[in-house]
Amino acid sequence: MKDITGTTKMCALIGNPTEHSLSPMIHNSISFMTRNDMAYTTFCVEKDKLGDAINGAYALGIQGMNVTVPYKESVMEHLVETDPLAEAVGAVNTLIRTEGGFKGANTDILGFARSIKEAGFDIRGKKACVLGAGGVARAICFALAEAGIQSIYILNRTKEKSISIRNALNKYYGYKAIDIHIHDYESADKLNINDFLLIQTTNVGMYPNNDDCILESSSLYEKAAFGFDVIYNPYETSFMKKLTEHGKKSINGLDMLLYQAVESYKMWFPDLEITSHMVSCTKRKLTDSFGISKEPTDDLFAVCAGTPKPKDNIILTGYMGSGKTTLGHWISKRTGKIFIDTDKEIEKECGRTISEIFESEGEEGFRNIETDFLKKMLSAGISNCVISVGGGTPLRKENRSILKKIGTVVYLRAGSDELYGRLRYDARRPLLFGKEGEERREFIRKTLSDREPSYLDGAHIVIRTDGVYFPKIYQVIHRKIKNYNSKGYKRKNRRVPFHKKQGKET
């Protein structure tokens, strides 16, 4: 958990509204990984207070700011300087502290270009068809021009905004530099273009209207070479699904969001290095926060791999219901570590739920799959992760040995009565199927007693969780890991009955 002190630099997002923003997650994660003493937050600013907010932020020493709707255009009149490209676009999304005030820049351009490049599509010399003519479309058209696009086809319901974009491009790049065509949506099927980049820039199809699409049916899906949708929630939009139906690859706007933020961060702190590993870790947190992570297991290992530093990883073990997953998410959000739930990753890899694996292959078959997965984690050299493992994972001696090599193993210890209260009505656990009331209570008591020696033998740290809040639990974990990092792992395994030691671990 980051401590904010009197020397902590501040950055922020201004807009209205701002409570939905993912920017704090991105910037605070990067700060954690770069060990930069910076904290990022959001400010919801009323329309008639924008100038006061800008001046006040500068007076308070704020290092830099991002700007979101509806102020990307109007903020420009309150700046001491604007980057020439951002001025041509007519929109600013990044403010950099400079002498006498803030300077404006537009990193949406850089974010879009990088997302397309890393997806494997080369813009130079190609054609693009842009659906929509709003502020995002305007920035994307300039990004296309910067990347060397040959022709741009802009489709919009009305032509006035499209013409405005064309005039701005012509003025900045020259009237013969880019071939620009203006059309409405009804003309989509009449366009004589092939192998082009199809770009969706409107909010049509955004959650909760997931089934909507700006072009319900069009030959453009068949003729396009690659697709981009600025929307990232849902993760796969109707627009993207239509491209998939025609065998075409597409990406959403999440990478653009991430990369524009990275570029802003570089402008505020030019001396800091943001590695590709840091960017991958941050992306993983973004997708996990939506529950939309699409990376298969092998990609997960690639994202988490780095210079092997096992002490950077926190591994949470304990009986089912001990809070491993919930605490893991809590730690991840506050430290920048990537959260991994081994049960969920095994389900992705196998294409089946844990219950289905238990039903078809039995517990022994599942444990074999589980051990193989742990071996893959170890060989991948994952780093900067918080990992929640299944309640039965430490029962195998081989698993306990692997987990200790992967990271610092923390046993979240809870009493049987506490666990019964948490699991009394839980219908998700395969081992509890068919057990109710006192039978379930007795099963929990007996299996916990049987497993206790394995949990203790496999742990570097033991934390009692009965009635203890997450901040306190993590405070203890953080302190003990810090001690271990300086002194080495010296904990002696204590096979002591729980009722005699309860309450003394923390």
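Which strands does helix α4 (residues 108-118) lie across? Helix α4 lies across β10 (197-200), β11 and β12, and runs at about 145 degrees to β11. Let's walk through the model and come back to this spot.

## About the model

This is a predicted model, in which local features need pLDDT of at least 70 and side-chain atom pairs count only at pLDDT 80 or more, while totals for chains, interfaces and linings use all residues. Residues are numbered from 1 along each chain as its sequence is written, and side-chain values use heavy atoms, with hydrogens and water left out.

## The whole chain

The protein chain has 19 helices and 17 strands. Both are DSSP runs numbered from the N terminus: helices are H or I with at least four residues, and strands are E with at least two. Along the principal axes, the C-alpha atoms fill a box of roughly 80 × 55 × 40 Å.

Of the 506 residues, 53% count as buried, meaning under 20% relative accessible area, with over 50% called exposed and anything in between partly exposed (1.4 Å probe, protein chains only). Contact means heavy atoms within 4.5 Å. Among contacts between residues at least 6 apart in sequence, 74% join residues at least 24 apart.

## A six-stranded sheet

Now for the sheet. Six strands form an open sheet in the order β9-β8-β7-β10-β11-β12, with parallel pairing. The edge strands are β9 (179-183) and β12 (249-251), each of which pairs on one side only. Two strands pair if DSSP finds at least two bridges between them. Neighbouring strands of this sheet are turned by 15 degrees against each other on average, direction ignored.

Strand β11 (residues 226-229) runs parallel to β12 and is joined to it by three bridges. Within this pair, F226 stands opposite K249 in β12. Helix α4 lies across both of these strands as well as β10. For such angles, axes are lines fitted to C-alpha atoms, for helices over the stretch in contact, and the angles run from 0 to 180 degrees between N-to-C directions.

## A closer look at L79

Where in the chain is L79? You will find L79 in the loop between β3 (64-67) and β4 (81-82). L79 counts as buried because its relative accessibility is 13%.

Which residues does L79 touch, leaving aside its neighbours within four places in sequence? L79 is in contact with V92, L95, F102, K103 and G104.
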